[in-house]
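User: Hi! I have a model open and would like to talk through a few parts of it with you. Could you take a look?

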Amino acid sequence: MTRAQIITRMLKPALFFLLLLPLALLVQRGFADTLGANPVETITHQTGLWALRLLLLTLAITPLCRVTGINDFVRLRRMTGLYSFLYALLHFATYAVLDHGLDIGAIFADVVKRPYVILGFSAFLLLIPLAATSHNRIIRLLGGRRWKRLHRLVYLCGLGGVLHYLWLVKADTLSPLLYLTLFLGLMLFRLPPRIRSKLSDLSGRMLPMQRRHRLLKEER
Amino acid sequence: MLIKKPETIKPSEITDQAIYLNRRQFIRDSGLLGIGVASALAGLPWVKNSWAEGATRQPFPGRIQSPFSSAEKLTDFDDASSYNNFYEFGTRKSDPKEHAQAFVPRPWSVVVDGACEKPGTYDLEDFLRPHTLEERIYRLRCVEAWSMVIPWVGFSLGDALKRFQPTSRAKYVAFYTLHDPERMPGQKRRVLEWPYREGLRMDEAMHPLAMLAVGMYGAELPNQNGAPLRLVVPWKYGFKSIKSIVRISFTEEQPVCTWNQVQPSEYGFYSNVNPNVDHLRWSQKKERRIGNWLKQETLMFNGYADQVASLYSGMDLKKYF
């Protein structure tokens, strides 16, 4: 088997079932009545977290290709992206049905009034055209360049997703800040090579300065 | 002719109502006891913890039923004791139960100070002794838009405060939670300014609905619910009902309250349950009663408007939220 075949024939099916696992676990916990005192909250949080995690995983694939030099990893990207959309869809459905009883007026009022809901909802809306244009035939129809330009929207989805999470937390922002950092780290890879090399120069120059700083501290 | 007297049941044979009401838990505890003993031998710490929890909750027999009680369906004890906010033991709602098991709420004393005639440090037993314990079934509405119905055991806060003879300078009363990061591991991270503080206006504190609780569901408070002494103010959002109280202070100025300090635009000093004033980030019109899938309407003052609305007459509740 070639490397491409290992990825498409073995890794991809394995990942397919692996990414289904969080959902399967939620369903199992639902039947076993172990979703906790507030099952709706558990479902909302879990589907939201997995949508965000898989979006970040999707954004990590290009860097992964670049770092490992194995470009075939890109063959997994459509699936991780679509899974992220699936979890986002379930997340939104939980909110619409169980929080608002599908009352469109109430949902609309809530969405326009609350910044963190606006952010999450826009990120979800932006995912829809991406999911809808993920079929080979549509990609061909659009043409590679236009498809690529459209799919840059995923960066906005990522930003919306992490800010949505950060904004809804009451006081303990540790976990959303970790996701934000991860997202920004992945975005650094998207900077044009010229800027990236400048940045690495900068950090290279910063290192001796930090060392000097530490020395000064020790003297004191 | 043989005249048989009807068989009488000796009072000593009647099952105490508290035990009767807790029969399921009794069965569970007995089971846990068995597992606990077995695992103590095997040395499994987590089972020992749950055994300790089951075995050490002392029941309060003979408590008086309060006329303030709601007739609504009680929240499951397991839910009420495994899902709550008590940042002193961690910020997730499963953390308090998980991390409060090693906490020992004894010995315990309460400092009473500020504008009163009888300040001092009171042993918990002395603090509680004069009071007759009542059971009060109250709705609890969290600022996060979920709610419960909980049978508390305790007494009116006002009855306790009167004993310390607050002076005319006492306009407010402030409460402090224990600050001891060794015993309350959540305090090792500075997610809030420790110790947790809360406060009430004097007339709110003297309102008969405001209570100090030492127990729930017929037995003493589980650690994660604020043992050994907590406040319960049913017409305000849950975070006002401060847990594990070590200090009560009569003040002239409005005291600093923890959540108000964190984000004054979202958590007001009063924090009365009010469906017409939304939290900046979410609606307060509805709430999810724990145990239900769909939400229900939130009531003004959490359904206690008839009793407490007069405390706020003439006040703009949108401004003083």
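User: How far apart are the end C-alpha atoms of helix H8 of chain A, and what span should its residues give?

Analyst: This is a predicted model, and in it the end C-alpha atoms of H8(A), residues 153-168, are 23 Å apart. With 16 residues at 1.5 Å a residue, the helix should span 22 Å, so the two values agree.

User: Which residues of H8(A) are buried?

Analyst: The buried ones are A:Val154, A:Cys157, A:Gly158, A:Gly160, A:Gly161, A:Val162, A:His164 and A:Tyr165.

User: And what covers them?

Analyst: The cover includes H2, H3, H5, H7 (144-151) and H9 (174-188), which belong to chain A.

User: H3, then. What do the buried residues of H3(A) pack against?

Analyst: Within chain A, they pack against H1 (3-32), H2 (39-68), H4 (104-113) and H5 (115-132). Among the buried residues of H3(A) are A:Met79, A:Tyr83, A:Phe85, A:Tyr87 and A:Leu98. Just after this helix, A:Gly101 has a positive phi of about 55 degrees.

User: New topic: which residues touch the most other members of the largest nonpolar core?

Analyst: Those are B:Phe127, B:Trp235 and B:Phe250, in a core of 88 residues. Strand S5 of chain B (residues 146-156) supplies the largest share of this core, six residues. There is also a second, separate core of 33 residues, which includes A:Leu19, A:Ile61, A:Phe124 and A:Val169.

User: How many disulfides does the structure hold?

Analyst: Zero, over all chains. As for individual cysteines, B:Cys257 has a relative accessibility of 1% and B:Cys142 has 7%. Both values are under the 20% limit, so B:Cys257 counts as buried, and B:Cys142 does too.

User: Where does UniProt place the "binding site" feature?

Analyst: The unreviewed UniProt entry places it at B:Asn84, B:Tyr87, B:Glu88, B:Cys142, B:Thr177, B:Asn225, B:Arg230, B:Ser241, B:Ile242 and B:Lys243. Of these residues, the lining of the largest cavity includes B:Asn84, B:Cys142, B:Asn225 and B:Lys243, among others.

User: Is B:Asn84 buried or exposed?

Analyst: B:Asn84 is buried, with a relative accessible area of 6%. The residue sits in the loop between H4 (77-80) and H5 (95-99) of chain B. Beyond its sequence neighbours within four places, its contacts include B:Trp146, B:Asn225 and B:Lys243.

User: Nice. Where is B:Asn225, and what does that residue contact?

Analyst: B:Asn225 lies in the loop between strands S9 (219-220) and S10 (230-232) of chain B. Leaving aside neighbours within four places in sequence, B:Asn225 contacts B:Ala80, B:Ser81, B:Asn84, B:Met216, B:Arg230 and B:Lys243. At 3% relative accessibility, B:Asn225 counts as buried.

Notes: Residues are numbered from 1 along each chain as its sequence is written. Chains are lettered from A and ligands numbered from 1 in the order in which they are written. This is a predicted model: local features need pLDDT of at least 70, side-chain atom pairs count only at pLDDT 80 or more; totals for chains, interfaces and linings use all residues. Side-chain values use heavy atoms; hydrogens and water are left out. Buried means under 20% relative accessible area, exposed over 50%, partly exposed in between (1.4 Å probe, protein chains only). Helices (H or I, at least four residues) and strands (E, at least two) are DSSP runs, numbered from the N terminus. Contact means heavy atoms within 4.5 Å. A nonpolar core is a set of buried Ala, Val, Leu, Ile, Met, Phe, Trp, Tyr and Cys residues joined through side-chain atoms within 4.5 Å. The expected span of a helix is 1.5 Å times one less than its number of residues. A disulfide is a pair of cysteine sulfur atoms within 2.5 Å. UniProt positions are given in the numbering used here, feature names are shortened, and annotations may be inferred rather than shown by experiment. On a 1 Å grid over the protein atoms alone, a cavity is a set of points where a 1.4 Å probe fits but cannot get out, and a pocket is an open set with protein on both sides within 12 Å along at least five of seven lines; lining residues have an atom within 4 Å of a point.
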